[in-house]
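Biologist: Could you take me through one part of this model in detail, namely the place where two of its chains meet, and then follow the packing on into the remaining chain? I would like a careful, connected account.

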Amino acid sequence: MPKKLMKGSEAIGEAAVQAGCRLFFGYPITPQNEIPEYMSHRLPQIGGTFVQAESEVAASNMLYGAAGSGERVMTSSSSPGISLMMEAVSYLAGSELPVVIVNIMRAGPGLGGILPSQSDYLQATKGGGHGDYRVLVLAPWSVQEAADLVQDAFDLADFYRNPVMVLGDGLIGQMMEPVEFREGRTPCKELEPKTWAATGFDGSRPRAVINSLFLDPEELERHNRRLEAKYRAMVKGEVRCHTYGADGECDVLVVAYGTVARVCSTAMEELEQRGLKVAMVRPVTLYPFPYQAVRQAAERARAVLVVELSTGQMIEDVRLALEGTRPIHFHSRVGGMLVAPEEVVGKVEAIASGTDEEVTHA
Amino acid sequence: MPETVVFSRPESLLPVTTHYCPGCTHGVIHRLVAEVLDELGVRERTVGVAPVGCAVLAYNYFNTDFHEASHGRAPAVATGIKRARPDLVVFTYQGDGDLASIGMAEIVHCANRGEKVTVVFVNNAIYGMTGGQMAPTTMPGQVATTCPLGRDVEQAGHPIRIVELISTLRTPAFVARASVHTPLHTVGAKEMLRRAFSYQVRGTCFTLVEILSTCPTNWGIPPAESTRWLEKNMLPYYPLGVFKVPEGESRAPRPLEQ
Amino acid sequence: MPQIVIEPDRCKGCELCVHACPQQILGMGSQINRKGYFYAEVVEARRCIGCRLCCIACPDVAIEMRVHGTMYHYFSY
């Protein structure tokens, strides 16, 4: 397929279609309406199904039913709607169902605003629903990467039998960039047929019951340990991140994800001209978080700067990674305001000259 | 010559410009609610509950205290307010996504418990604020952004008639449907709202007034033409009138066949 | 006699009042207001019968009606 100029939201929808997703259940919420709108006209073209549910609660449960029937399914929403889906995410993880959930983050809390933010990091990575579960979280920084990660997300979801979340923000959803959907893409995991799906008990396999209820505590403990092992496998095998900028010793290591990392990379060009050595680690999987990569990169830096569109969420994972070995500085904009490259430049210069205070959690 | 002002902005409406599109009848309905609150003299003890939808900023337009509710939950929020302070006049102002889609459970149960609040339900057969998606009240064949080939009743079912649905509940209530597509219909809508709020002031029952409204922007036609579209396409399906009064019998369901 | 007063800066040019008037005394002007809308104007003040349908139709409370002296006046036919 040739390169096409597409809106992020539409590219996400098309990527799902390319990955074999034929069912989409969603509900309108700004700023991701283009995803359900795109799916509502694209899916019928290929014999797929689009349903606008009565709410996100309903949409996420429709997802549960369709996933339990063995189909590749996706939903999308934005922060307040994702909150409504959290109960279903817990059920999906507990029932070991593969789904792809796209969160185009907007400013919160509550009804908040409609402009971009990164304030759902903790909700996505530490669980927003109840119980011991995790969701594999992928964070693109461009429309092309969003399309690629959505396709990977379906493979990862099927392989681990777990929800996978693609975490974007209003910028990714709304901006238009060239996208290429590669012909003959191979899945990023080796997949097996979904014999566990509830498609009718005809005697050819044991009866399939999609369920997360285990009243016997010993059985539930075994179940939780099995889920735990899955998450350990994700931590071992699925970490993705990229490092940019100065090799070797540097003054400041920046840690940022998504569109904020793009702003930081612009700042880094300017800082290089000003003679400062800056490197950046950009996590692509937010769960599992690249603790090792951040730790190793920080060892060759004098200080670490975390930049987020939140009042401090990913910084907690950075703190875990560093275990007190380096001072951590923080720059943020919230409420839908965006970080400008000049702000990052100024902050790095202040850190390098010793005039910026590190943040402490005590 | 002495000058008398015989029509002006009601006290319960703030002297601000609204963000509603030109020709959007939200403005008319806001004014009717405000006029009724003025006439009943209850402005100072009225609390409104705003929805998520075009009227999300309703709290900027009414000269009363207000709560913002999350999408669909206004009847529940109103229940909380009225149970906490029964002396207040409580109203919700909701669109078709808020009330008939995500908020279906909340409106049914608020009506069923007989909460003494007034629900103003604005039905314009589409989702306005989010850019024109299909609503539960969208007409068959009507084009919206999530049914680009027109609402297909095989896939999405038929539009929901809220007034008829709520009228089947046993709990006494005042339930009516009106329209604001012509000034004469608007006068009728004001009468329905006046009756609804009067029931609340007397502490009688739950009240709901569904008001058929236009959405020129998302219907894609000018305001005057959209009033004609409403008359032609919505009126036959959504009949106007009073469907339930607290003094009368509820519509006992009878089977089609024995 | 009745007088219709339209506040230009409140008008959004929707034309509902023009269609509402049974006497067809309102029209859209050629000036734009502060928001960039062409606003409605009284074109034929003499034939106003004070029915207030324009006020009732206006979504933006841009129209006021005032009465000077009596509501009644006799206009030529």
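Modeller: In this predicted model, chain C meets chain B through 23 residues of its own, which are in contact with 26 residues of chain B. On the chain C side, the elements that each give two or more residues are helix H1 (16–20), helix H2 (53–57) and strand E4 (63–68), and of the residues on that side the largest share, five residues, comes from E4(C). Sorted by class, the side of chain C that touches chain B holds 12 nonpolar residues, seven charged residues and four polar ones.

The remaining chain, chain A, has a contact of another kind, one between domains. Chain A is divided into domain 1, which covers 4–199 together with 210–237, and domain 2, which covers 242–352, and the C-alpha centres of these two domains lie 27 Å apart. Their contact draws 24 residues from domain 1 of chain A and 22 residues from domain 2 of chain A. On the domain 1 side, at least two residues each are supplied by helix H5 (121–125), strand E6 (136–138), strand E7 (163–169), helix H7 (170–174) and helix H8 (217–237) of chain A, with H5(A) giving the most, four residues. The residues of this side of domain 1 of chain A comprise 17 nonpolar, five polar and two charged.

Chain A also contains an open sheet of five strands, in the order E9-E11-E10-E13-E14 and with mixed pairing. Strand E9 (241–245) and strand E14 (328–332) of chain A are the edge strands, each pairing on one side only, and from one strand to the next the twist averages 20°. Inside the sheet, strand E10 (residues 250–255) and strand E13 (residues 301–308) of chain A are paired in the parallel sense over five bridges, and Cys250(A) stands opposite Ala301(A) in E13(A). Two helices pack against these strands. Helix H9 (residues 259–273) of chain A lies across E9, E10, E11 and E13 of chain A, running at about 170° to E11(A), whereas helix H12 (residues 341–352) of chain A touches E10, E11, E13 and E14 of chain A, its direction making about 150° with that of E13(A).

Technical notes. Residues are numbered from 1 along each chain as its sequence is written. Chains are lettered from A and ligands numbered from 1 in the order in which they are written. This is a predicted model: local features need pLDDT of at least 70, side-chain atom pairs count only at pLDDT 80 or more; totals for chains, interfaces and linings use all residues. Two residues are in contact if their C-beta atoms, placed from the backbone, lie within 7 Å. Ala, Val, Leu, Ile, Met, Phe, Trp, Tyr, Cys and Pro count as nonpolar, Asp, Glu, Lys and Arg as charged, and the others, Gly among them, as polar. Domain bounds come from an automatic or database domain assignment. Two strands pair if DSSP finds at least two bridges between them. Axes are lines fitted to C-alpha atoms, for helices over the stretch in contact, and angles run from 0 to 180 degrees between N-to-C directions.
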